[in-house]
Amino acid sequence: MPITPTRLRCEYLTDPLGIDEAQPRLSWVLESADRGQRQIAYQVIVASSAELLDADGGDLWESGKVPSDQSIHIVYAGAALQSRRRCWWKVRVWDREGRPSAYSQPGWWEMGLLHTDEWLGGWVGPGIEAEEDLPPSPYLRTIVRLTKPMRAARLYSTARGLYEIYINGNRVGNALLAPGWTDYQARIEYQTHDVTGSLHEGENVLGVILGTGWYAGHVGFGGSSRHYGSRPEALLQLHVEYTDGTAQTVVTDGTWKSTTGPIRFSDLLMGETYDARRTLTGWNAPCFDDTDWQPVRVRDRGDTQIVAASVPPARVTEEIVPISVTEPASGTFIFDLGQNIAGWVRLRVQGDAGTKIRLRFAEMLNPDGTLYTDNLRTAMQTDTYILHGEGEETWEPRFTFHGFRYAEIIGFPGVPTVDMITGCVVHSDTPPTGTFTCSNPMVSQLQRNIVWGQRGNFLSVPTDCPQRDERLGWLGDAQIFIRTACFNMDVATFFTKWMRDVEDGQSGAGAFPDVAPRLVNLTDGAPAWGDAGVIVPWTIWQCYGDTRIVARHWEAMTRWMTYLARGNLGYLRNGQLNNNFGDWLALDGGAMRHPGASATPKDLLATAYWAYDARLMAEMARVLDRHDEARQYDALFEKIKEAFITTYVSADGTVRGETQTGYVLALYMNLLPADLRAAATDRLVADIERRGWHLSTGFVGVGYLCPALTVVGRPDVAYRLLESDTFPSWGYTIRHGATTIWERWDGWTEEHGFQDPGMNSFNHYALGSVGEWLYRTVAGIDTDPAAPGYRRILIHPHPGGSFQSAEATYDSVRGRITTAWRRDGDTFTLDVTIPANTTAIVHVLSGATDGAAIREGATLAREAEGVAFLRMEKGEAIFTVGSGTYTFVSVFPFV
């Protein structure tokens with residue numbers, strides 16, 4: 001069967017509009033029904049029009065036939081690209097027999113505004129500055145007169161704050177909470193819209209609604225606001241091309257007018273109040289009387305970088321109908337969505353003008369059935385809607401979001417039914433890429449909880465929680481969870497954008513921050529937090545084969561390593577411990593109710609991460625051909641390891657502190673002598689057993705716990721932890737109704753009830769970092785570290801515990817990978833699908849010493865097409881396979 005290039009992408013995106021990469025990278029996925037099919041060469045054609053492309057005319061770039069199996073991140077090497085240029089492209093490949101494929105279906109990308117000085121207007125906002133802490137949202141409008149027939153029109157837009165745009169009464173795009181969060185003093189992202197079909201010859205109206213957002217609203221703890229500025233402003237540029245070849249540009253300037261309307265305030269933490277009686281009917285369309293509107297205030301654009309948005313925006317990705325409604329007090333109605341989410345609700349109501357409906361939101365209920373809101377701290381999470389009184393009214397907020405499962409409504413006219421509200425799930429629209437299910441229903445629910453935790457917290461930045469007065473981009477949470485995140489969704493662009501936030505927050509001394517964007521918490525990054533500046537680029541390289549993110553942040557990572565070396569003597573990271581969270585929220589510190597009471601020595605944890613950084617830096621240096629630096633980082637790792645052993649490891653394999661996290665870090669990060677690994681493993685397992693086969697790890701240790709146990713040959717213990725449903729465990733939270741990952745193991749317990757409300761989120765993804773182990777070890781899908789981006793795939797499931805089966809799919813950058821294993825008595829069956837242009841190493845359980853009896857499909861595996869036997873190792877037959885679908889069947893004496 002022919003090989004076919006499909007899923008054409010530019011910078012990870014399908015047909016992206018408005019990018020600013022001068023040399024964008026092109027990728028495709030290959031499909032073929034043949035086993036072992038691969039690409040040996042490719043040809044890319046890029047043209048300035050679809051017509052030229054159809055004629056095979058590459059006036060921008062014609063790569064020629066390039067002998068290569070590379071199908072991802074092909075760097076555009078054609079003519080210099082100009083702002084607003086659309087580029088059409090297609091690709092064909094040659095298969096293993098040297099046969100050319102047909103050309104792919106065409107794809108395209110379009111350049112945005114490549115230089116900040118191409119923005120011709122200024123920032124516009126209300127002419128009168130509001131004095132309220134929670135000011136009303138400004139409404140802006142201007143008239144645009146187009147004098148000729150149009151060929152095309154593009155609108156480039158952004159805001160200091162949040163914005164929605166309208167043209168002639170219709171909403172432009174479906175992005176929510178745009179432009180997202182960056183350090184507005186360093187960099188602001190803009191969006192590009194094709195508005196050709198929204199405009200017409202004659203009079204048109206551009207309208208904008210603004211919200212305070214991260215720029216001027218409440219962000220972080222302590223009730224603080226106006227971190228970047230005191231009021232929101234918009235920056236727009238409309239470029240119209242006429243059919244006669246001329247053009248017109250409309251910008252934000254003094255011709256715009258402003259007023260306020262029904263949004264009396266809208267704040268990310270506090271909520272939104274909307275008075276429908278003040279609706280400005282027709283304000284964003286022609287023939288509206290704006291005589292009473294005020295002139296806007298115009299400010300210079302300034303020198304802040306204005307860059308193209310590179311990540312899918314936030315959108316409503318799902319709608320949920322409540323499963324029940326209760327009335328715990330007269331006139332107080334509680335709607336249960338059945339799922340903890342981030343987003344808001346859409347309200348349907350009918351009543352008299354002036355009727356005020358208050359909506360409050362919470363993740364949990366008190367024992368009496370009322371909302372549990374103590375853990376919100378200063379965040380109000382309250383929306384108010386005032387009816388205009390004309391028939392059925394439908395409303396949802398614009399510039400806020402909440403973390404909640406339960407919605408309380410007070411003031412509803414009558415008795416509401418469950419369909420009076422709809423839950424709107426909102427997050428950055430990163431495409432789903434992974435699925436995992438297994439024969440243990442609780443563990444399958446755990447995977448769903450992990451995904452919902454990611455959906456609830458990946459909103460422009462990877463936040464810690466979506467409900468209380470925090471919602472910050474904590475680096476420690478992100479780095480421990482990133483590998484899990486990469487399985488669940490395509491987060492390449494998400495973390496590429498966020499790494500710019502991380503580098504924007506790097507101090508002059510070289511320290512990465514604790515949070516990015518660097519706001520509210522201004523301290524230099526703590527151990528396991530600041531180290532995300534190294535771990536995130538390394539992980540994106542491993543998962544997506546992306547070396548550009550490594551190259552772009554290499555100097556920043558080098559400054560971080562210099563910062564660590566300068567502040568810590570003797571190769572022990574003990575000189576910068578004024579900011580060290582330790583193994584945050586571990587349960588091994590005696591005072592279980594205190595978040596920082598871990599018994600893992602903080603300097604031990606810090607030193608382990610320094611060594612880990614050095615090891616990852618060496619690997620990344622080699623891929624960048626920085627071999628001298630690689631040798632230096634290799635040597636640094638060995639010196640830190642030696643200091644670690646001398647200081648923290650006893651001759652009997654005891655690791656100082658004798659905590660699970662201490663042992664896990666030492667084992668996983670290869671910081672023990674080979675002859676002490678077994679002893680340290682025994683002590684780790686003994687601690688788990690002493691605790692009734694329970695974990696005690698916090699944020700830092702939990703992500704490495706099951707992987708470390710697997711590496712040292714004790715996946716049986718990892719399974720025991722995974723399947724536990726007694727406190728503390730993942731299963732305990734699920735048994736008590738969790739639909740997301742909790743911040744704390746003891747966020748709620750039968751013995752104590754709710755934890756300290758000062759820090760008790762029920763949607764916090766960090767403890768869900770076990771998700772990567774479900775994919776990599778239970779299902780057995782991984783990339784070979786020596787061939788990142790799933791160029792060579794490792795299929796190595798580890799059946800265990802009570803599991804009778806498990807299956808997973810993963811849409812890698814090179815195509816879909818699937819595994820499904822099941823055990824039936826002593827029979828083990830493994831189904832595998834490997835995408836074209838990749839190979840895989842497959843481990844199959846075997847009770848025989850030579851694996852000769854293992855079958856693949858209808859024949860012996862050693863004789864099957866596309867299968868080659870490599871060796872036997874630890875009760876497994878190891879094969880190498882090319883692309884295709886395979887079914888391996890073996891006999892294995894499961895105990």
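**Exercises: a glycine and some helices**

Gly127 is partly exposed, with a relative accessible area of 37% (partly exposed lies between buried, under 20%, and exposed, over 50%, using a 1.4 Å probe and protein chains only). The model is predicted, so to speak of local features takes pLDDT of at least 70 and side-chain atom pairs pLDDT 80 or more, while totals for chains, interfaces and linings use all residues. Residues count from 1 along each chain as its sequence is written, and side-chain values use heavy atoms, leaving out hydrogens and water.

**Exercise 1.** Find where Gly127 lies and what Gly127 touches.

*Solution.* Start with the loop between β10 (123-125) and β11 (138-146): Gly127 lies there. Next, skip residues up to four places away in sequence; Gly127 then touches Arg231, Ser258, Pro295, Val296 and Arg297 (contact means heavy atoms within 4.5 Å). Finally, take Val296: 169 residues from Gly127 in sequence, yet 4.4 Å away in space, C-alpha to C-alpha.

**Exercise 2.** Work out whether α6 is enclosed, and what follows α6.

*Solution.* First, count: 13 of the 13 residues of α6 are buried, so the helix is largely enclosed by the rest of the structure. Then step past the end to Gly545, whose phi is positive, near 65 degrees.

**Exercise 3.** Describe how α8 meets α9.

*Solution.* Pick out the α8 side, which includes Trp554, Met557 and Trp560. Across from these, α9 brings residues including Trp610, Asp613 and Met617. Now sort the contact residues: eleven nonpolar, one polar and one charged (nonpolar being Ala, Val, Leu, Ile, Met, Phe, Trp, Tyr, Cys and Pro; charged Asp, Glu, Lys and Arg; polar the others, Gly among them).

Methods:
Helices (H or I, at least four residues) and strands (E, at least two) are DSSP runs, numbered from the N terminus.
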